[in-house]
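Here is a briefing on one protein chain. Please keep the structure open while reading the points below.

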Amino acid sequence: MKWELKNPSLGDMVRVKLGGIYHYGVFVSEDEIIQFGLAPSARAMLKDSEIEVCVSNVDDFLIGGFLETATLDKKENKKRRKPKETVAFARARLGEKGYNILYNNCEHFAYECVMGEKRCEQADTVRNLFKNMPISDVYLAKIPSETGEDTLYPQARQDEVDACANDKIKRQKYYAWKLLEYALNRTFGYKMSNLVFEKTKRGKWTTPSCFFSISHSENAVAVAVSRREIGVDVEKIDGVKEGVIQKVLTKSENKEFSAIGVDENARRREYLVGKWTQKESVFKTADSGAFRPSKIETSAHALATKKVCVDGEEYMLSVATENLANARYYLEVDLSK
């Protein structure tokens, strides 16, 4: 198979280079290219679960690029579907979802429509691109009143939860993991049981498939997932005493805190809890050393902090990652379903 800058015919496989990879489709006419991925008018990036097989005209397909048409060799021509069969097969799949950048992408779709089998020649390029995609998603949820009945994966995590004598902490740990399960599936399309999890000597859970961080406080759980190091922490604003948390401030932070009027209790409390969550999230980005918050200068790290509400209660949520510009927040996940 060769790719040439020539006018396509009915049922031809076409592609256009977008950035570092190619986007594929099936040509019907200038007004109809059937594709899996980009939607008409090059709409904003969607999550995998929202992407579907759709139709666009040639201009929307190209987005300013150059149209390349597949030229098949004799063996491929004997194997391929007839043009009208190709188009009928592609049209029958309009609206279909299940997109996966590694295993069910636009190239897989186009090859199957034309050749009758899924194939992706740029698989390595796609995998490398996927591994470096600047994804940082943060999830927040209310903890249900009862611990669920599902067995957690891996069994070592279930054993860890079962070992908790305190029912409240048990629920927090259980639902933090259930939120992680939800986050990994929604962000990356991962099924929990297909991943490998390990617990480091310092007690941090990891997987080679991505980076993640979990946190819980009172009735809230938070999870952050990313392709890069990431840390997250959530704390109930009125759940930490000022006399305790003030001890974690650096000299410069103490100076900032002292500038807040003694009668501004809400601001003082939010500042202290905000600093605490920031330092916790920074610490969670690495699995080394002891947690010495007074040694962590928050101004030296990429951090985002939000005041959030969970079931009518105020919490402070912080995330630490070098990829803040692409961070997305999902702050009302329902774990009771």
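Lys279 touches Val248, Thr250, Glu253, Phe291, Pro293, Ile296 and Thr298, leaving aside residues up to four places away in sequence. Lys279 belongs to helix α10 (residues 265-284). Its relative accessible area is 0%, so Lys279 counts as buried. The model is predicted.

**Overall make-up**

- The protein has 337 residues, and 47% of them count as buried.
- Its secondary structure comes to 10 helices and 15 strands.
- The C-alpha trace spans about 80 × 45 × 35 Å along its principal axes.
- Take the contacts between residues at least 6 apart in sequence: 63% of them join residues at least 24 apart.

**The six-stranded sheet**

- Six strands form an open sheet in the order β1-β6-β2-β3-β4-β5, and the pairing is antiparallel.
- β1 and β5 (53-56) stand at the edges with a single partner strand each, so one side of each has no neighbour in the sheet.
- From one strand to the next, the twist averages 35 degrees.
- Strand β3 (residues 21-29) and strand β4 (residues 32-36) run antiparallel and are joined by four bridges.
- In that pair, Ser29 stands opposite Glu32 of β4.
- Helix α3 (residues 83-92) packs on this sheet and touches β3, β4 and β5. The direction of α3 makes about 115 degrees with that of β3.
- Helix α4 (residues 106-115) lies across β2, β3, β4 and β5. Its angle to β3 is about 35 degrees.

- Which residues of β6 (residues 68-71) are buried on each side? Glu68 and Ala70 are buried on one side, Thr69 and Thr71 on the other.
- Strand β1 (residues 2-4) runs antiparallel to β6, with three bridges between them. Glu4 stands opposite Thr69.
- Strand β2 (residues 13-18) is also antiparallel to β6, and two bridges join them. Here Arg15 stands opposite Glu68.

**The four-stranded sheet**

- Another open sheet has four strands in the order β10-β11-β7-β15, with mixed pairing.
- Its edge strands are β10 and β15 (327-333), and each pairs on one side only.
- The twist here averages 15 degrees from one strand to the next.
- Seven bridges join strand β7 (residues 136-142) to strand β11 (residues 220-226) in the antiparallel sense.
- Asp137 stands opposite Val225 in β11.

**Helix α6**

- Which residues of helix α6 (residues 155-162) are buried? They are Arg157, Gln158, Glu160 and Val161.
- These residues cover an arc of only 160 degrees around the axis, which puts them on the same side of α6.
- The cover over them includes helix α7 (167-188). Strands β8 (198-199), β9 (205-206) and β10 (211-217) also take part.

**The second largest pocket**

- The volume of the second largest pocket is about 570 Å³.
- Its lining counts 20 residues. Of these, Gly203, Lys204, Ile214, Ser215 and Lys284 lie nearest the centre.
- At least two lining residues come from each of α6, β10, β12 (231-236) and α10.
- Which element supplies the largest share of the lining? The answer is β10, with five residues.

**Backbone exceptions**

- Most residues other than glycine have a negative phi, and most peptide bonds are trans.
- The peptide bond between Tyr153 and Pro154 is cis, with omega about 0 degrees. Pro154 lies in the loop between β7 and α6.
- Ile63 has a positive phi, near 50 degrees, and is not a glycine. Its place is the loop between α1 (58-62) and β6.
- Glu218 is not a glycine either, yet its phi is positive at about 50 degrees. Glu218 sits in the loop between β10 and β11.
- With a relative accessible area of 33%, Glu218 is partly exposed.

How values were computed. Residues numbered from 1 in each chain as written. Predicted model: local features only at pLDDT ≥ 70, side-chain atom pairs only at ≥ 80, totals over all residues. Heavy atoms only, no water. Buried < 20%, exposed > 50% of the residue type's maximum accessible area, 1.4 Å probe, protein only. Arc of directions from axis to C-beta. Contact = heavy atoms within 4.5 Å. Pairing = 2+ DSSP bridges. Axes fitted to C-alpha atoms, helices over the stretch in contact; angles between N-to-C directions. 1 Å grid on protein atoms, 1.4 Å probe; cavity = no way out; pocket = protein on both sides within 12 Å on 5 of 7 lines; lining within 4 Å. Points joined across faces, edges and corners; volume = space filled by probe spheres on them.
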